[in-house]
Every structure is written in structure tokens, then in C-alpha cells.
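Welcome! Here is a short briefing on a protein chain, to be read with the sequence and the 3D view side by side.

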Amino acid sequence: MVCPSGCDRGGRHLLQFIIILAAWKGGSGHLHYSLPEEAKHGTFVGRIAQDLGLELAELVPRLFRLASKGRGDLLEVNLQNGILFVNSRIDREELCGRSAECSIHLEVIVDRPLQVFHVEVEVKDINDNPPVFPATQKNLFITESRLLDSRFPLEGASDADIGENALLTYRLSPSEYFSLDVPTKDEQVKPLGLVLRKPLDREEAPELHLLLMATDGGKPELTGTVQLLITVLDVNDNAPVFDRTLYKVKLPENVPNGTLVIKLNASDLDEGLNGDIIYSFSTDVSLDIKSKFHIDPISGEITVIGLIDFEESKAHKIRVEAVDKGFQPLAGHCTVLVEVVDANDNAPQLTITSLSLPISENAQPGTVITLISVVDLDFGANAQVTCSLTPQVPFKLVSTFKNYYSLVLDSALDRESVSAYELVVTARDGGSPSLWATASVSVEVADVNDNAPAFAQPEYTVFVKENNPPGCHIFTVSARDADTQENARVSYSLVERRVGERALSSYVSVHAESGKVYALQPLDHEELELLQFQVSARDAGVPPLGSNVTLQVFVLDENDNAPELLAPPGGSGVGLVNELVPRSVGTGHVVAKVRAVDADSGYNAWLSYELQPAAGSSRNPFRVGLYTGEISTTRVLDEADASRQHLLVLVKDHGEPALTATATVLVSLVESGQTAKASSRAFEGGVAQEAALMDVNVYLIIAICAVSSLLVLTLLLYTALRCSAPPSEGACGPGKPRLVCSSAVGSWSYSQQRRQRVCSGEGPPKTDLMAFSPSLPQGPTSTDNVSHISVSKSRTMADAAELD
């Protein structure tokens, strides 16, 4: 409860202390305010910050905020003074309807520390809604013969307010004929009503005008009114009478509109308006009757206005009433039965019921294909039907029951001669003139599964760049089946096998329906150059038939391996070379050699060497061979050259983008005598090492010769087989990739047949001995449609360059 403005300062501090203590213990507080509805914008509700024990200076730093559940922004808080005020119009009836209690629940949230306070703002009702009747005027029709104390119910008014503001009292304008009967609180189920206190006389007072008022209990009072218009009706005690209660009429179908069906006559013993008769269809007559017939309200003539169809309805029963024009109308009734006479206006209707379509070409004669039923909506001879079939076809009609036929196979079928038949069944009735109708029957001859799926070629070559994303689409196989329907529905699958030590399905997959081949994991050219496998195509026939196609997937190299430096023969460490050079050497003397290899292929493994200029040195007496890696002198060494030269060699491949490695060469310039001693020690160690290598080289040469012989034989056999097979195009472009490598002394041509064998995926790739000429231009960018260069993945390439 909020402290009133009259409280002293001590009581206010006590109240703040209690609120702060409650918030400290429970982490939340609760306040209750009240305000009348329809309060204006800015109306003061309460000092919410002070009542919650919050300092005004803390509101912004502690992120003071106000949350209202589903109430929008009806209330707002001024963060400068902590006052809760009305932000927009508050309508209690809109918020809570007829509920006796109406309040807005607010949540006050502050941080540092987090506290939640609950504030309840009660919205009090004001008398802002007057009583409202359902209509501004109420019409009552009362006959002059009604008895005294007769009660006529009225609808009361409603008030959107609650409590005293909705407590209604009723008053009726003075009248000698009627009084107002208002139910008590114990009679809430009894409606408000008028009570007849004096007999009515239409000749004296044909209409009465009364005013009914409803007043609520609010202050100030609000009032609603309704006009009561009472019409006094004359007494009519004679009803019209037809001369017959049932009339029977025969009417041919399809008669034109305007045709007279019958003229009715009724009489009334009353006089004046009470004796004037109006003819009409009874209220329970269907819409179908009203759409086909019309009755003249004055003459009683019934005429045709719609289609009279015997097939739709063989008879129509029309109920007619004659009503006088009295103020209390009386009515007489009769029935008109219209019997429709049939005419031959409907052709036979054929219904085809499929049973065994399509029919297999190996079906036996006598096989039932379809059932045919014939219906004629006419009657008698107009409905007697005979059927016939298109001549010179291997089918016939067999009558199974009245107006029911079976279409059966009369002779053997041959799908290769005729795959489908278009049959015409003709039905003719016995009317005069005769009517006929035809129906077409399409008989499809079903094929048997005698054709296997076939690929356009037995083998496809696909090129895929290495490091592909997992799940990428690399190729689509497609097979065609000459059969139809299920026999031609082809599904694809892999022919599982082992690729090295792994299953083929770990590398690729094929979509069963589309034939799309996907790479399940990134492929590595350095690990697998060629992946050869088979895809099987099977149809859905019984039994299924199938065929296989071979896919050769070549994994194209990308520049994903940087050059790797090899340790020098002295074993001084990878990337570090120590050499002693006498100052007496001449120009072009080789002082050291940097050795490097690249695991990639082609231009990606073509290495070049550059000597990085030393900082502050302009007279570097050394250079490096662009493609050999040999460091040699560019001039005669002199005393001005430093005794210790620090050379930095950059090794770079020709990939896009190029990858590099750096080697450090330490050259010590010494006098000739010192070089001789060092060379003697190196020679003694070299002799022992060379003797050991000689034995190894002998066995190595023998092994190379044997492998080379076997390779040549295999290449010759494979070339002969490939030349005999028809040429095929790869998935990524026409032509066969061809590898050309050149050096300073010549060039080698490396054929695709060799590459296919080497990269089959059955084992590790073979070592290629390649060298490149320094005069070659920058290598082309690797694409799927150009030739790719495969280079050495071992030290063989560097050794080959050293031989130059």
C-alpha cells in the first residue's frame, strides 16, 4: 500500500526501509495502485521508484525497465523523477470486458543486482457507457381479439459498465392500454414485457406509439430509449377453400417455357381484403419446383419456366396455398401432381470399366480385358440398346447380362507389330428415330522384360581436381532400356571392390535414381592418381536385367605441396649447407648445390632457384642455377670479399599460386692449404661411402632393368588393346591428355596410357623421372580441359637435374 501525502517523514523512511528489506530478502516486491479508466495522458499514478525503495540516480545505471504482459504501452515511468503515469487511453471495457475486477500487471526489472518487482494497477470503472437496446424501434402486431392481461415479451437493454453503473431501471411512457412488467432480481429468467390492461379496438386506435426508457445507476445517470410501434390487426375468421384438394396433370417432357400446366381456383366467404386471395407455392416447396414452375398470384395459373426432364424426375408434387389479405391472414391448401411423359431424347451411355489394361503380348485368347455397361435413361423401347465393335481387330464383345458386355481377346497379340489398339464400341437404342453413342477403348499391349539397360559407351574417362569438397558431383551415368514402364525403370549401384586396403564405397557413391556419381571424400593426387571402378544399371523387371559401365576417374594435381629441401651429403641439416671454398677458384666454379623435391606433379613440381640478395652487399660473387640449384662463382674471388659468405636461396615451384622454401648456404673462403686438408679428410670418408654405394647401385641397376622390361611389355599390350577399342571422350572435354616434359638436352613424351596404368588405384604411384628446360615459359593454369604434367614425387627428379 502506498504512503499517502500526509504521512510524516519518519513514517515514509520506515515504509521505504520495509520495502527495501522485503526486496533484499525475496528479490522482489509488490505494489498496488488504482486509477479510473479514460484517464488522460500524463495522469499521475504513483511514485513507483520511491515506493520500491529505489534511488532516482540508480534508475538509469541499473537499467530500470517496465514490462507489461499484453498491455502494450498503457503506462510509462519517467526515469527522471520515478513517477508512473498514464501513457495512452485506458478503456476498462476493452481490457476486461464484463469482468468485475480489472487490473494491469506490471513487472519492474532492475539490474546490478537483478531484482524483479510486481506492480498491480487496478482500473476502476466510470459510467461512460449508456444503456443500449438492440434496435431503436420495436414493431409489435397484436390482434384486436387478444385477452386482457396478455403478456408480450420485450428485449431489455445492455450496459457495458459494471456494478452500479450497469444496474438498469425501466420506465414506459403513459398508456391506457399497456403497462410495463419488470421482473424482480429473483426473476432474472423472466423477460421484460408489456401487459394488456384494456381491450384493443382497431377502428378506434389502429396504431399505438410507446417509448420505453432504460436508466443506469451511475452518476451522472445515462439513459437509452426504444420506440414501440404497436399495430392492431383485424380479425379474419374465414379461410380460402379450393374446389379440390388434389389435381393430377400429365405433361410431356421438354415442353417450351410458358406452357400452361393448370389454372387453380379458390373462394373466400369473407368480404373486402379478408376475401381477396393471393396464390403461391407453399413455403416447404423445394427450390427445384420453383425453378421449373411459376404460379400467378392473382389468376392461380401454373406455367412452365424451366426444363421438364423425365430422366431427372418422372413426377412433380406441387403444394399450393391460397392466402387472403386479412390482417390476420388465413390460408387454404391443395396439391398438384404433375406426371411427366417420356420422349426419346437420351442417347445410350457407355461405361468402360478397366480390368486388365494394359494386356501383356503373351496373353491367351479369351482373356477378359474390360467390362462395358450400357445405360439408356429413357423408358420402354427407347431404352432397348444393342452394341457392336470395330471390325478386323483381335477382340470381340461377349454379352454377359442384360446391357452388360465383356471385351475379350479373340486372337494372339504381337507388340512388335502393333503396340496399341484404338477400339470403338457403338451402342444404338430402339427409339424412333434411333439414337446412338460411341466409346473409345485404348488397349495398350504391355511388353515383357527382354531388354537390358544399355550405356552409350562401355567406358568413360572423368577428370577431377584433387582436394574436391566431400559429396561433390563428378559425373552422371545414364543407361537406356528399350522396354517400357517398370521394365525400363533403371536403378544404379556401385560394383563394390577393394581400392588398396579400403572399400570402393568409401571413395565414391552413385545415386540410385539419377545415376549421379559423387566423391565422398577429398581425393589426393599424391595418394591416388586414377580410380577405376564399375557402375551397374538394373531395371525393375521380373526377373531384372542389367549391365555395367567402367569409369576411369583421373585425379588432377593441384599445387598443395610446397618444395621440400633435402639434406646435403655431409648431413649438416635440412636447409643448411656448409662449404669451404678456396679463394683461388675461378669464374663458374661450383661451390655448393641446393637439393629440393616437390610432392606435386607437372608445373606444380617444377622447381626454380633464386639467390636472395644479402642486405648491404652489392658485390655478391655467387649465383645459383635457375633450375639446377648449383651455386657457382660469378667472378674471381679477391681479398675484399668477406671470409664468411651467408647465402639465402629461395626455392619456388611453378604452381598457381607458387609455393616456396628457403635454404641457407654458409660459404667459408679459405686459403688453398686449408682446403686441401679438409678435402683429404672428406675424401677418406667419401671413398668408404662410395664403395658402399657401388654395391647398392649394382643391385639397383639390375632391378631397374627388370622393371623397365616388364613395363615396356605391359605398355605394348595395353596400347594394342586401347587401339582396338573405340575412342571415348572424358567428362570434362574432348581429346586425350598428353604429358610433355623438356630439359636442356631434349624432351620426353609421356602418354595417357602409361598414366592410366600407373594411376589405377591398385597400388602406390610409380616414380617419374622428369626434368624441365629453363627456357620454358610460366606453366599454364590447371583446368579440367588441358593436359596435366606429372613430375617426380621423390628425389629422382633432383638427381636427374644434378646429372646435367
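Helices (H or I, at least four residues) and strands (E, at least two) are DSSP runs, numbered from the N terminus. By that count, the chain has seven helices and 53 strands. This is a predicted model, in which local features need pLDDT of at least 70 and side-chain atom pairs count only at pLDDT 80 or more, while totals for chains, interfaces and linings use all residues. Residues are numbered from 1 along each chain as its sequence is written, and side-chain values use heavy atoms, with hydrogens and water left out.

**The whole chain**

- Of the 804 residues, 41% count as buried; buried means under 20% relative accessible area, exposed over 50%, and partly exposed in between (1.4 Å probe, protein chains only).
- The chain exposes about 43400 Å², and carbon and sulfur atoms supply 56% of that area; such areas come from the Shrake-Rupley method with a 1.4 Å probe, and for residues only the protein chains shown count as cover.
- Contact means heavy atoms within 4.5 Å. Among contacts between residues at least 6 apart in sequence, 67% join residues at least 24 apart.

**The disulfide and the cysteines**

- The structure holds one disulfide, defined as a pair of cysteine sulfur atoms within 2.5 Å.
- Cys96 and Cys102 form it, with their sulfur atoms 2.0 Å apart.
- The torsion about the S-S bond of Cys96 and Cys102 is about 70°, so this disulfide is right-handed.
- Both Cys96 and Cys102 are buried.
- Cys472 is also buried, because its relative accessible area is 18%.

**Arg92**

- Look for Arg92 in helix 3, which covers residues 92-96.
- Is Arg92 buried or exposed? Arg92 counts as buried because its relative accessibility is 1%.
- The side chain of Arg92 makes a polar contact with the side chain of Asp125, at 3.3 Å. A polar contact is a pair of N or O atoms within 3.5 Å; within protein, one must be able to donate a hydrogen and the other to accept it, and residues adjacent in sequence count only if both atoms are side-chain atoms.

**Val385**

- Val385 sits in strand 27 (residues 385-389) and is buried, because its relative accessibility is 11%.
- Val385 and Ala427 are 42 residues apart along the chain, yet 6.3 Å separates their C-alpha atoms.
- Apart from its neighbours within four places in sequence, Val385 has contacts that include Pro348, Tyr405, Ala427 and Asp429.

**Strands that pair**

- Strands of a sheet pair through backbone hydrogen bonds, either parallel or antiparallel. Here two strands pair if DSSP finds at least two bridges between them.
- Four strands form an open sheet with mixed pairing, in the order 44-51-50-47. Its edge strands are strand 44 (576-582) and strand 47 (607-612), each pairing on one side only.
- Strand 47 and strand 50 (residues 644-653) run antiparallel and are joined by six bridges; Glu610 has Leu650 in strand 50 as its bridge partner.
- Strand 36 (residues 490-494) has Val490, Tyr492 and Leu494 on its covered face, and Ser491 and Ser493 on the uncovered one.
- Five bridges pair strand 36 with strand 41 (residues 530-539) in the antiparallel sense; the partner of Val490 in strand 41 is Asp539.
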